Structure formats: structure tokens, C-alpha cells
Amino acid sequence: QVQLVESGGGLVQPGGSLRLSCAASGSISSINPMGWYRQAPGKQRELVAGISSGRSTNYADSVKGRFTISRDNAKNTVYLQMNSLKPEDTAVYYCYVRMVQIYWGQGTQVTVSS
């Protein structure tokens, strides 16, 4: 059984920063790709960023240059550093780990508003 626990969401003003964390427990290894999706009200869930076991990364065009994904394999934790936040970044952010199936965290709310 795999469990993912996210933290770090909250309310931030436009231009501000937040750092999301996602700690995985269970039968996970450093070879499993991990990453973040987000879902805004009335919209489909979209990929924000992913990171492979070799630490290669990919980002949605809308967050390139503002968000940075990283992972600590010793802690089975993936991070998402979000800078220069915009109101359109407001969403529930979900971390995932890809194994034979994809496991999801419970989600953490990020609200960007003045």
C-alpha cells in the first residue's frame, strides 16, 4: 500500500511563493516517477510538473520558469517550489507516484489572491 501526504498549501498574494511537499510511504522506490497535477474549479486536472528517477523534469508551459520540482529519494519526498504565483495558479494540487498504477495524494489547496 502506498500513501502520499501533501503539505504546504495556503493563501498567498500574487507574486508570492509557496513550497509544496509530498511524502510517500509504503512500497515505493527511487525509480518511481513522481510529480504534481492541479485542478481548478470547473476545469480538468492538468499536469504541473513531473520528475523521473534520474531527476529529469518536465513542466507545463504555464509554469515554466516559475515552478521548480525536486525530490529527495532518501526521504521519498517530492517538492514543488512555486514562485511568482498568479491568480490563475489557484487550484487544488495533487502529488502522484507512478508505479504499476498511479497513486494520488489527498490534495492541498493553493489560493493566490490579494
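Is Trp104 buried, exposed or partly exposed? In this predicted model, where local features need pLDDT of at least 70, side-chain atom pairs count only at pLDDT 80 or more, while totals for chains, interfaces and linings use all residues. Residues are numbered from 1 along each chain as its sequence is written, and side-chain values use heavy atoms, with hydrogens and water left out.

Trp104 is partly exposed, with a relative accessible area of 35% (buried is under 20%, exposed over 50%, partly exposed in between, with a 1.4 Å probe and protein chains only). Tyr96, at 4% relative accessibility, is buried. The structure holds three aromatic pairs (ring centres within 6.5 Å, taking the six-membered ring of Trp; planes under 30 degrees apart are stacked, over 60 edge-to-face, the rest tilted). The ring centres of Tyr37 and Trp104 are 5.2 Å apart with planes at 75°, so this pair is edge-to-face. Tyr37 belongs to strand E4 (residues 34-39) and Trp104 to strand E10 (residues 102-104), so the pair ties together parts 67 residues apart in sequence. For Tyr96 and Trp104, the centres are 5.9 Å apart and the planes at 55°, so the pair is tilted. Tyr37, Tyr96 and Trp104 form one aromatic cluster.

An open sheet has four strands in the order E1-E3-E8-E7, with antiparallel pairing (strands are DSSP runs of E of at least two residues, numbered from the N terminus; two strands pair if DSSP finds at least two bridges between them). Its edge strands, E1 (2-7) and E7 (67-72), each pair on one side only. Six bridges join E1 to E3 (residues 18-26) in the antiparallel sense.
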